[in-house]
Amino acid sequence: MIVEVLELARWQFGITTVYHFLMVPLTIGLSVLVAGMQTAWVRTGNERYLKMTKFWGKLLLVNFAMGVVTGIVQEFQFGMNWSEYSRFVGDVFGAPLAMEGLVAFFVESVFLGLWIFGWDRLPKRVHLACAWAFSLATVASAYFILAANSWMQHPVGAEFVDGKPTMNSIWAVLTNNTALAAIPHTVAGCFAVAAAFVVGIAAWRLWRRRGEDDEHRAVWRSSVKLGAWTGVVAFAVLVVSGDFQGKLMFQQQPMKMAAAEALCETEQPASFSIIAVGDVSDADCESVKTFNVPALLSFLAEGDFSSEVKGVQELVGEYQDKYGSHYPDDPALGELAGKPVDYVPNLPVTYWGFRIMIGFGALSALVGVATLWLTRGGRIPGGRWFPWMALGSIALPYIANSAGWIFTEMGRQPFVVVPNPDPSGVDGVWMYTAMAVSRVSQGEVWLSLLSLTLLYAVLGVVEVFLMAKYVRGGIESVMPAKAAARLGAGGDGDQDGSGDDSGGGGSNGGSSRGQAGAPDDPDDEPLSFAY
Amino acid sequence: MELEVVWFVVIAFLWLGYLFLEGFDFGVGMLLPVLGRNDTERRVMINTIGPVWDGNEVWIIVAGGATFAAFPAWYAGLFSAAYLPLLFVLLALIGRGVAFEYRGKVDSQRWRRAWDKVIVIGSTVPPIGIGFVIASTVLGLPLDADGNRVGSAFAAFRWDTLLGALAVTGFSLLHGAVFIALKTDGDIRRRARRLATAILPVAILPVAAFAVLVQVRHGSEWTYVPLAVTVGAVLVAWWRIAAGREGQAFAALGVAITGTVVTLFGALFPDVLPSTLDAAHSLTVDNAASGDYTLTVMTWVAAFGTPAVLVYQGWTYWVFRKRIKTSHIPAPHTAQQVSS
């Protein structure tokens with residue numbers, strides 16, 4: 001039975017985590033961009049930046065909600081589905097998770113609430129500070145969770161006491177070199193998503209009103225520029241940090257490196273294949289044809305074009321010598337007890353995951369630059385291919401991110417906590433995935449997997465529907481007050497009591513004043529925003 | 001004091017914060033069809049918790065995370081053994097969170113009606129599920145020597161844990177009614193006050209019954225004190241809400257839930273999750289805790305983090321302190337409003 005529970009729990013973790021990480025990158029990247037837009041508005045008073053803040057902020061909120069609710073599942077399922085894991089590693093792994101909640105999630109949720117509802121109730125600069133608070137908190141949460149994940153890839157700061165890893169240095173855990181490399185890489189991946197999202201939608205808006213007199217054109221032009229440059233910078237960070245990660249992976253998880261290349265035999269120098277035809281999981285590599293760049297894999301691994309990179313077959317022998325060739329004969333492992341351990345990750349997944357990550361990531365940055373070029377000096381391409389390219393390419397960084405995570409998590413199998421190959425101090429701190437799963441019934445995990453997947457699918461459709469609605473509605477859909485205010489709601493748009501807010505909040509209030517009556521009593525003013 | 005004890009207290013405090021804060025916003029959700037006679041009134045209700053519900057919800061995430069870090073065996077044992085109630089809580093919280101954010105984004109009666117249903121279900125199921133979970137950890141689960149559940153997936157569903165579920169639900173309902181009376185003005189405020197006064201004895205009965213059950217089974221001498229405080233505070237709450245003093249009634253309910261949580265966790269101590277099969281299998285503050293180093297680190301984090309949270313979360317309530325009435329609710333503000 002444990003094998004079935006294990007399979008189901010892994011599928012659930014995969015589905016819910018990949019799904020959660022569709023929401024999270026846009027939340028992180030766009031939060032910071034929106035805070036930047038609002039800063040530009042507060043500093044310059046230029047209406048264009050307010051419109052950008054309102055429009056992208058609205059899309060951010062539609063997405064934020066989904067990231068928040070799918071995040072709760074992430075924390076709970078460690079205990080529900082992976083209780084043996086939680087029990088084993090909680091002493092170390094629980095700490096960054098608890099810090100994430102206490103330091104990041106509280107700030108994020110409280111200040112997001114203040115930002116959404118505070119447009120006319122907080123002084124302008126305090127309101128802006130709220131935007132920075134929640135956006136930086138999203139980055140902080142990424143830091144803590146990546147420190148936790150990196151510990152599973154490369155355990156440090158712990159020793160083995162009474163059969164369990166026990167933390168002896170939180171500093172080591174929080175400054176794990178694996179984490180310090182993963183953080184810029186992942187956060188840049190988040191900005192790549194936000195960049196493609198902003199460029200794609202803004203380019204579509206430009207194209208849609210290309211022949212007309214569009215009073216908001218400056219908004220979309222600035223958005224394209226901001227997005228494209230963000231994408232370029234993000235890609236540069238991705239390349240540099242990714243290269244750094246590759247070199248750490250070669251030292252820390254040699255099997256994952258071999259699996260990324262589906263490298264059967266040890267090679268010196270090792271070549272990198274751009275693409276393969278045939279079954280890369282073929283044990284002898286005989287049925288596979290690859291198109292290789294000589295010595296590139298050696299360079300990726302060690303920065304030297306002549307290094308040796310070990311192949312899967314040699315590594316299997318090494319792993320068996322170090323960590324044993326069979327699962328322990330423990331009845332708790334069910335059918336797996338005493339069975340041989342398969343140290344080879346799923347090679348088609350790792351091989352293709354690695355290439356999809358790199359290829360789609362690069363393509364995404366390229367499309368951003370192309371859009372920047374195509375819209376230079378006020379140009380707007382007229383062909384139908386342009387909006388298709390712009391909107392379609394939003395998917396690219398999402399696919400790249402998912403592929404990267406699937407690669408890195410599948411590539412560490414059969415371990416849930418990968419042994420540190422330099423185990424001074426952390427000897428014994430590793431765990432097979434098969435031993436991590438809860439002793440619960442199959443029915444429970446089936447119900448959980450199916451109900452969460454179904455709910456996620458429905459909500460995913462709703463989210464895309466709502467986003468499309470706001471994108472079609474444009475600036476008017478997020479600032480309906482503007483139109484009404486022009487029609488003569490009158491005054492200076494500042495009747496909400498917070499004298500320094502003369503922009504969106506104030507004029508929002510102005511729009512509804514006529515409808516809800518009692519303009520003489522400031523207590524009866526409608527709220528500038530309400531659910 | 002030993003750090004294990006400190007962390008037991010911290011976790012009890014986090015649960016208290018959660019029950020107190022999200023208790024009322026669950027209540028607001030449950031009462032949506034009862035007190036909200038039309039869409040504007042329902043929006044008044046939702047907007048009393050609009051800026052704060054998400055921050056309130058973080059308390060359960062932190063309660064879970066703190067348990068994971070400080071008592072891994074407690075976290076692992078409870079979350080896997082009380083699987084089904086937690087799954088229902090998760091599904092409900094997912095729907096509810098999205099519902100608040102999405103409800104007003106399409107200007108259609110059908111759309112809002114649909115999300116209203118999600119809010120009601122999403123606010124009713126979690127207190128029930130969380131009640132089962134809290135009752136399970138206080139009253140125990142059938143655990144073996146490894147801290148794993150023995151027996152069926154329904155082990156957490158028993159008559160005594162059902163009483164705990166009713167207790168959390170009843171408290172949330174009442175707390176929500178008082179909160180609406182406190183945060184709104186006009187007709188809806190009067191109706192909320194009347195409703196709170198009327199349902200108080202029934203809503204609070206399972207709380208009292210559950211606290212007494214725990215006291216009788218596991219209580220110490222001293223836990224009679226918080227139990228008595230609970231009873232006294234409930235009576236004060238009833239008296240004050242009937243007199244129209246919503247703020248005082250709300251505070252009295254805060255004292256009541258504090259007394260209850262202290263009774264429950266006081267009676268539980270030094271266990272954290274008793275085994276109903278064999279007392280030797282029970283998880284305790286000693287055998288379930290992380291090492292001293294981890295607890296020390298976490299103590300420093302909590303010592304600075306928790307007061308900060310209380311300050312800025314408290315500040316949100318200050319910013320949004322004004323009562324909301326129907327005249328405050330702007331016209332629906334959605335993407336559909338302007339077609340371009």
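In the predicted model, the axes of helix 1 (residues 3-30) of chain B and helix 11 (residues 246-268) of chain B come within 10 Å and cross at roughly 145°, where axes are lines fitted to C-alpha atoms, for helices over the stretch in contact, and angles run from 0 to 180 degrees between N-to-C directions. Helix 1 of chain B contributes A12(B), W15(B), L16(B), L19(B), F20(B) and G23(B) to the contact, and helix 11 of chain B contributes G254(B), I257(B), T258(B), V261(B) and F265(B); two residues are in contact if their C-beta atoms, placed from the backbone, lie within 7 Å.

Chain B as a whole has 12 helices and 2 strands, which are DSSP runs numbered from the N terminus (helices H or I, at least four residues; strands E, at least two). From the N terminus on, the order of these elements is α-α-α-α-α-α-α-α-α-α-α-β-β-α. Along its principal axes, the C-alpha trace of chain B spans about 65 × 50 × 40 Å. Of the contacts in chain B with a separation of 6 or more, 80% are accounted for by residues 24 or more positions apart. Among the 340 residues of chain B, 64% count as buried, that is, with 20 or more other C-beta atoms within 10 Å of their own, the C-beta atoms being placed from the backbone.

Residues are numbered from 1 along each chain as its sequence is written, while chains are lettered from A and ligands numbered from 1 in the order in which they are written. Because this is a predicted model, local features need pLDDT of at least 70 and side-chain atom pairs count only at pLDDT 80 or more, whereas totals for chains, interfaces and linings use all residues.

Notes:
Buried ≥ 20, exposed ≤ 12 C-beta atoms within 10 Å, placed from the backbone.
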